[in-house]
Amino acid sequence: MWFDVLIAVLAAVVAAAGGYPLVPLFLRMTHAGPGSKPARTGSEEIEVLRGGMWIGIVERALVAGAIVLGRPELMAIVVAVKGLGRFAEIKSSAAAGERFIIGTFVSIAIAALAGVLGWAVVA
């Protein structure tokens, strides 16, 4: 039992830390080119999905831990809470919606990989 929890925590840390540089890198790669920059008002750049880095770290940790502990259905709760929390921003901006979808998919893929590797160790 304690070994399973230890592996779940380790997978959560690996997923959170591993996605930290990878998700922003992937977002930069997918948002290169014309029309990729958020609209500007005067000299300020509009903030798109502020706090996303921290939300992604927590999301990856929860998803990886859930998979290792054999509860992948908890991924649905994590994604639902994240979507509900971001609904107003996603609805008001196409750029925010794109970043949300791409960032979430990449983040969950990284977390699922770490979770499956951890699950293989405990199974």
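In which sense, left-handed or right-handed, does α2 pass α3? Hi everyone, let's start there. α2 passes α3 in a right-handed crossing; a crossing is right-handed if the near helix is turned clockwise from the far one by less than a right angle, and left-handed if anticlockwise. Helices here are DSSP runs of H or I with at least four residues, numbered from the N terminus.

A word on the model. It is predicted, so to speak: local features need pLDDT of at least 70, side-chain atom pairs count only at pLDDT 80 or more, and totals for chains, interfaces and linings use all residues. Residues are numbered from 1 along each chain as its sequence is written, and side-chain values use heavy atoms, with hydrogens and water left out.

Back to our pair. α2 and α3 pack at about 165 degrees, with axes 9 Å apart; axes are lines fitted to C-alpha atoms over the stretch in contact, and angles run from 0 to 180 degrees between N-to-C directions. That makes α2 roughly antiparallel to α3, a label for angles over 145 degrees. On the α2 side, the contact (heavy atoms within 4.5 Å) includes G52, I55 and E59. From α3 come L74, M75, V78, K82 and R86. The residues of this contact divide into eight nonpolar, one polar and three charged. Here Ala, Val, Leu, Ile, Met, Phe, Trp, Tyr, Cys and Pro count as nonpolar, Asp, Glu, Lys and Arg as charged, and the others, Gly among them, as polar.

Next, α3 and α4. Their axes are 8 Å apart, at an angle of about 160 degrees, and the two helices are therefore roughly antiparallel to each other. α3 passes α4 in a right-handed crossing. Among the residues that meet are K82, G83 and R86 in α3 and G97, F100 and T104 in α4.

α4 (residues 94-122) also packs with α1 (residues 2-30): their axes come within 8 Å and cross at roughly 150 degrees. α1 passes α4 in a right-handed crossing. By class, that contact has 16 nonpolar, six polar and two charged residues.

How values were computed: Parallel < 35°, antiparallel > 145°, perpendicular 65-115°, else oblique.
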